[in-house]
Amino acid sequence: MSETSARILVPVGESSTFRNTAAYATREARRVASETGEEATVHFVYPVRWQLVDDVERSASEEVADILDRTRVWAAEDLDYDDDGEIDDDGVPVSIETAVVGEDRYLFSPSDFADVLLEYARDRDLGRIIVDPEYQPGGSAPMLQPLELELSRSDRIVEEAPVDRVVERGRFPSRSNLSKALVMFGASFAFYLLLAGVFDTFNLLTGAVSAGIVTTVFSRITFRETPKAGRLLRRTGRFILYVPYLLWEILKANIEVAYIILHPSLPIDPKIQRYRAAIWDDLSVTTLANSITLTPGTLTVDVDRDSLVIHSLTGSARDGLADGPLERAVRFIYYGRAAARIPSPRERGTVEDESIPQTPEEP
């Protein structure tokens with residue numbers, strides 16, 4: 001592999017710096033091609049995820065098509081002009097391609113995204129990968145560094161586009177931030193009153209003050225996307241249906257644990273396992289992790305960027321998690337009925353035993 005290449009792959013994602021990243025990639029392809037004579041091509045590739053289900057499938061697919069169309073337009077604009085803004089009639093031609101990958105895969109961790117991107121690059125002999133500095137392939141938290149690390153383990157040239165990040169300095173709240181603030185205030189205020197159980201003047205005032213503080217501190221970091229009324233109402237309705245189901249699961253688990261405690265031989269078989277759950281954002285991961293912990297016999301020990309580490313007391317508890325009814329119910333809340341099409345953790349093969357560190361014996 002040469003030190004540089006005019007055959008470039010750019011992972012596509014919505015961000016404030018992607019426009020500049022696309023411009024940098026097309027300029028680099030033209031520059032290297034003019035110096036080396038290599039054929040210049042830039043492939044803008046969007047890795048999709050299993051979350052494109054039910055009520056969000058159509059809108060998400062339209063968003064993917066829209067950003068790829070916009071990318072083509074941007075590339076055409078960038079290639080018509082040189083660095084001085086003049087039409088460059090003698091410029092080296094650059095082929096622009098767009099693609100969607102990962103539709104038939106279960107993508108979650110950085111290595112999953114790296115695998116589909118590298119497979120695409122190898123199939124089309126693309127020697128260089130340029131990554132947007134704010135690229136977040138659908139995860140709930142930024143993971144550019146580990147994604148770049150996974151990509152760099154191949155024989156491709158991997159680099160972060162040298163573009164400036166946009167710093168927001170708006171003085172007035174946008175409609176997006178206002179929506180987030182209203183949803184956060186309403187949820188916090190309702191939760192406070194639910195805990196108080198009394199709707200007198202004191203609780204209404206203190207609840208409003210508490211909700212205001214929570215909203216001021218957390219509203220802009222709690223939501224990654226602007227809350228939409230229709231989706232929020234549907235999720236709220238599904239969550240109401242989920243509560244009695246969770247209570248039923250807790251009741252069954254309580255009976256099983258009580259039987260174990262009362263049994264003379266105490267038939268437990270504790271084990272720690274790692275589950276890669278088919279859920280993708282902070283709220284759904286938190287819901288599943290807490291639901292598992294609330295169910296006696298299972299405890300969420302840790303949550304990292306691609307899995308949940310769960311301690312289970314019995315084999316039947318592990319079987320229940322592997323069969324995925326609780327995970328499926330959480331997907332139903334956030335992604336709708338079509339999420340039931342996603343295979344269970346057992347069927348996906350995403351359950352792994354974790355070794356428990358042994359305490360060294362003292363001499």
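How much of the chain over residues 239-262 is helix, and how much is strand? Here are some notes to read with the structure open, starting with that one.

1. **The stretch 239-262.** Over these residues the chain is 100% helix and 0% strand. Its end C-alpha atoms sit 34 Å apart. Keep in mind that you're looking at a predicted model. An unreviewed UniProt entry lists 239-262 as a "transmembrane region", along with residues 181-199 and 205-223. That label comes from the record, and such annotations may be inferred rather than shown by experiment.

2. **The whole chain.** Now zoom out. The protein chain has 363 residues, and 42% of them are buried. You can pick out 11 helices and nine strands. If you take contacts between residues at least 6 apart in sequence, 76% of those join residues at least 24 apart. The accessible surface is about 20500 Å², with 55% of that belonging to carbon and sulfur atoms.

3. **Helix α8.** Find residues 282-294, which make up this helix. Its 13 residues reach 18 Å from the first C-alpha to the last, close to the 18 Å expected at 1.5 Å a residue. Its buried residues are Ser284, Val285, Thr287, Leu288, Ala289, Ser291 and Ile292. What do they pack against? The partners are helices α7 (229-262), α9 (315-323) and α10 (325-335), plus strands β7 (298-303) and β8 (308-312).

4. **Thr293, also in α8.** This residue belongs to helix α8 too, but with 35% relative accessibility it counts as partly exposed. A polar atom of its side chain lies 3.1 Å from the backbone oxygen of Ala289. Leaving out residues up to four places away in sequence, Thr293 touches Thr298, Leu299 and Thr300.

5. **Asp78.** Is this residue buried or exposed? Asp78 counts as buried because its relative accessibility is 18%, and the cut-off for buried is under 20%. You'll find Asp78 in helix α2, residues 57-79. Setting aside neighbours within four places in sequence, Asp78 is in contact with Arg19, Ala22, Ala23 and Thr26.

6. **A salt bridge inside one helix.** The structure holds 17 salt bridges, so let's look at a few. Glu35 pairs with Arg31, and their closest N and O atoms are 3.2 Å apart. Both sit in helix α1 (residues 18-36), and because they are four residues apart, about one helical turn separates them. Glu35 is exposed, at 57% relative accessible area, while Arg31 is partly exposed, at 34%. The pair also belongs to a network of salt bridges that links Glu28, Arg31, Glu35, Arg128 and Glu159.

7. **A salt bridge across the chain.** Next, look at Arg318 and Asp269, whose side chains meet with an N to O distance of 2.7 Å. This pair links distant parts of the chain: Arg318 is in helix α9, whereas Asp269 is in the loop between α7 and β6 (271-275), 49 residues apart. What about burial? Arg318 counts as buried, at 8% relative accessibility, and Asp269 is partly exposed, with a relative accessible area of 40%.

8. **Another one from α9.** Asp323 and Arg346 also form a salt bridge, with 3.0 Å from N to O. Asp323 lies in helix α9 and Arg346 in helix α11 (residues 345-348), so this pair ties together parts that are 23 residues apart in sequence. Both residues are partly exposed: Asp323 has a relative accessible area of 39%, and Arg346 has 45% relative accessibility.

Definitions and conventions: Residues numbered from 1 in each chain as written. Predicted model: local features only at pLDDT ≥ 70, side-chain atom pairs only at ≥ 80, totals over all residues. Heavy atoms only, no water. Helix = DSSP H or I, 4+ residues; strand = E, 2+ residues; numbered from the N terminus. Buried < 20%, exposed > 50% of the residue type's maximum accessible area, 1.4 Å probe, protein only. Contact = heavy atoms within 4.5 Å. Expected span 1.5 Å × (residues − 1). Areas by Shrake-Rupley, 256 points an atom, 1.4 Å probe, with all protein chains shown as cover. Polar contact = N/O pair within 3.5 Å; in protein donor to acceptor, adjacent residues only side chain to side chain. Salt bridge = Lys/Arg side-chain N within 4 Å of Asp/Glu carboxyl O.
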